[in-house]
Amino acid sequence: MIKKIISLAIILGISATVIGLSLSGLNSEEITSEEITSEEITSEEASLETEEMMKADVVIPTKVSRPGCDIEDICYIPSKIIVEKGGSVTWLNEDSAFHTVTSGFYGEPTELFDSGYLDPYQYYTLSFDEIGTFDYFCELHPWMFAQVIVE
Ligand SMILES: [Cu+2]
């Protein structure tokens with residue numbers, strides 16, 4: 001009788017250990033999936049931080065590919081930006097159409113700078129090492145023009 005009880009206790013002990021192991025196995029799997037999730041969140045946060053770092057100084061807003069933004073002077077926002085000598089300006093095309101940031105006036109580019117066609121949500125950064133007023137325009141939309149003033 002005592003042997004039976006002991007063997008029963010051993011069996012119970014073994015099965016408890018097996019159940020315990022399988023449960024801990026499940027737990028460790030859950031932890032692994034949680035780790036992956038937290039890694040994903042971290043990478044998302046990192047990309048958000050990158051976007052914040054790439055904060056635009058001048059935005060090309062939506063719907064400027066049609067005439068009219070020039071009436072309120074909002075083809076580039078702000079249409080006049082002042083930077084210190086040696087400073088940089090970053091443009092962001094928030095429109096769904098292509099635009100350019102090209103030095104000079106429409107039909108009279110000065111060939112100081114030219115972004116080329118900026119895709120939607122593409123950035124363009126320039127640094128200005130010379131004092132002066134730099135007019136620029138969009139090669140695709142004659143009504144789009146603005147200025148960088150370097151002091
Ligand atoms: Cu344009």
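In which sense do strand β2 and strand β8 pair, and over how many bridges? The views below start from that pairing.

**View 1. The chain as a whole.** This is a predicted model, where local features need pLDDT of at least 70, side-chain atom pairs count only at pLDDT 80 or more, and totals for chains, interfaces and linings use all residues. Residue numbers start from 1 along each chain as its sequence is written. You'll find one helix and eight strands (DSSP runs numbered from the N terminus: helices are H or I with at least four residues, strands are E with at least two). From the N terminus, the order reads α-β-β-β-β-β-β-β-β. Of the 151 residues, 17% are buried, meaning that 20 or more other C-beta atoms, placed from the backbone, lie within 10 Å of the residue's own.

**View 2. β2 beside β8.** Here's the answer: β2 (residues 80-83) and β8 (residues 145-150) pair in the parallel sense, over four bridges. Two strands count as paired if DSSP finds at least two bridges between them. Look for isoleucine 82 opposite isoleucine 149 in β8.

**View 3. β7 beside β8.** Strand β7 (residues 132-137) runs antiparallel to β8, and six bridges join them. Phenylalanine 137 sits opposite phenylalanine 145 in β8, while glycine 132 faces valine 150 in β8.

**View 4. The five-stranded sheet.** The sheet is open, with mixed pairing and the order β2-β8-β7-β4-β5. Its edge strands, β2 and β5 (108-114), each pair on one side only. Neighbouring strands are turned by 35 degrees against each other on average, direction ignored, using axes that are lines fitted to C-alpha atoms.

How values were computed
Axes are lines fitted to C-alpha atoms, for helices over the stretch in contact, and angles run from 0 to 180 degrees between N-to-C directions. A residue is buried if 20 or more other C-beta atoms lie within 10 Å of its own, exposed if 12 or fewer, and partly exposed in between; C-beta atoms are placed from the backbone.
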